[in-house]
Number of protein chains: 2
Amino acid sequence: MITKSQLRFYASLKDGKARAGSGLFLAEGHKIVREGLKSSCPCEIAFVREGHFGDDEETDRLLSNRKVEVLGEEEFRKLSLTEHPQGILGVFDYRSLIVTAPGAQEIVALFDLADPRNMGTIIRSADWFGLHEFIVGESCVDIFNEKVVRSTMGSVFHSRFVLATDLARELAALRPGYRIVTADLGGVDYRDRKRGGKTALVFSNEARGPSEAILAVTDEVITIPGGGQAESLNVSCAAAIIMAGIRP
Amino acid sequence: MITKSQLRFYASLKDGKARAGSGLFLAEGHKIVREGLKSSCPCEIAFVREGHFGDDEETDRLLSNRKVEVLGEEEFRKLSLTEHPQGILGVFDYRSLIVTAPGAQEIVALFDLADPRNMGTIIRSADWFGLHEFIVGESCVDIFNEKVVRSTMGSVFHSRFVLATDLARELAALRPGYRIVTADLGGVDYRDRKRGGKTALVFSNEARGPSEAILAVTDEVITIPGGGQAESLNVSCAAAIIMAGIRP
């Protein structure tokens, strides 16, 4: 049986400071918790709402060897961050998802992304295209914010993250092993970019764009030509288009 | 001076029924109101918060020949739907954006899209790529819902909409003039789709996909090949990738 103070602690993980202090984060909903339980990311505890078992066979099976606590409606609500909770929530240890350096052929760097849904959606699209390594800039929203986690639809568990304290310096250190390719206005058509070698694709806040420091370490600026009247693309759409376009 | 009952009426436009009854909708924020004022869409009235004038030169200029009402903070909040209002809001007549039949070379049809942000983002991306005609299916969220409007970043004013009461029938009626190309799993690679002629691109709810009736009137199913572990792409990202890919 879980104590009130333990419950308070888990509920505190909605807050970034509590996450940073403990290395734990909350993931909510069937699909996302299932992806977590199928991954190598340690699940400290899962919470289900009374009457939840039997809702979803696969979830039940994945929970069968885990530490699970059944909560009443009211207690569950204290942990939940959704308006209409599905009744399942996992506490995972994000430290297993953190790496100190990237290694993949194509990696994604995120600069100044404040919107959790855009951030999560980029991680989900990257996962679709087989890109699993990210460098997350210092001014981005926390990857383990539950809105980000939810928007990844579980892809957060398939990914690895470098948490940069100075993204421009981090990118500089990757050169010349990696080619730094930054999405911005006024660059070359992304379809004509140079191919081959390791690449770090940099996506920035759509309103403010990349900083001078990021541009200073950029090898190639790429652009998605439009032709319509919109001033910009949503950053998660722009990232999806570019990630789709880099494949052979 | 505006009366309380008029203010109540404009606030009621947050609700779909009031919009349908009047043909009016709310658009909030500098960028979006500016796009509306620059467009041919009639602006019935604009509201600014006390002290707002001078915030943005272009907005001030665009408002100079319009019917504008200045509201106190509290009254403005009654109309506003954002947490941190920018202090400007326009009431526009959406009937000027409605058409009975599409005519463009490439059009977009939306099926069963419930999420306002996805809907708005698709309209914004389409605008970026010069696609401005939409057929909106009966089970989609209302285009003039303020969350949709906000996510379009003003592109709603550059677009024209057919509001379908039966999308499958509407698409059937477009054949064979238009080729119906539907995004779904298990189709041909979108990069290999047949080219030429008029095309209606159909995007559906990512969880449920297109209906049997939609598939029955589909000429070609297209798919975005992945290779990663994500189960699906966000629909606004999928739409962006496909719209980017249809250009020469």
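Which residues of helix α3 (residues 30–38) of chain B are buried? In this predicted model, local features need pLDDT of at least 70 and side-chain atom pairs count only at pLDDT 80 or more, while totals for chains, interfaces and linings use all residues. Residues are numbered from 1 along each chain as its sequence is written, and chains are lettered from A in the order in which they are written.

In α3(B), the buried residues (20 or more other C-beta atoms, placed from the backbone, within 10 Å of the residue's own) are B:I32, B:V33, B:R34, B:E35, B:G36 and B:L37. These residues pack against β1 (24–28), β2 (43–49), α4 (57–63), β4 (88–93) and α7 (146–152) of chain B, where helices (H or I, at least four residues) and strands (E, at least two) are DSSP runs numbered from the N terminus.

In chain A, the axes of helix α6 (residues 116–128) and helix α10 (residues 235–245) come within 9 Å and cross at roughly 15 degrees, the axes being lines fitted to C-alpha atoms over the stretch in contact, with angles running from 0 to 180 degrees between N-to-C directions. α6(A) is therefore roughly parallel to α10(A), a term for angles under 35 degrees. Residues in contact have C-beta atoms, placed from the backbone, within 7 Å; A:N118, A:T121, A:I122, A:S125 and A:A126 in α6(A) meet A:V235, A:S236, A:A239, A:A240 and A:M243 in α10(A).

The contact between the chains takes 23 residues from chain B and 23 residues from chain A. On the side of chain B that touches chain A, the elements that give two or more residues are α6 (116–128) and α10 (235–245) of chain B.

Technical notes: A residue is buried if 20 or more other C-beta atoms lie within 10 Å of its own, exposed if 12 or fewer, and partly exposed in between; C-beta atoms are placed from the backbone. Two residues are in contact if their C-beta atoms, placed from the backbone, lie within 7 Å. Angles under 35 degrees count as roughly parallel, over 145 as roughly antiparallel, 65 to 115 as roughly perpendicular and the rest as oblique.
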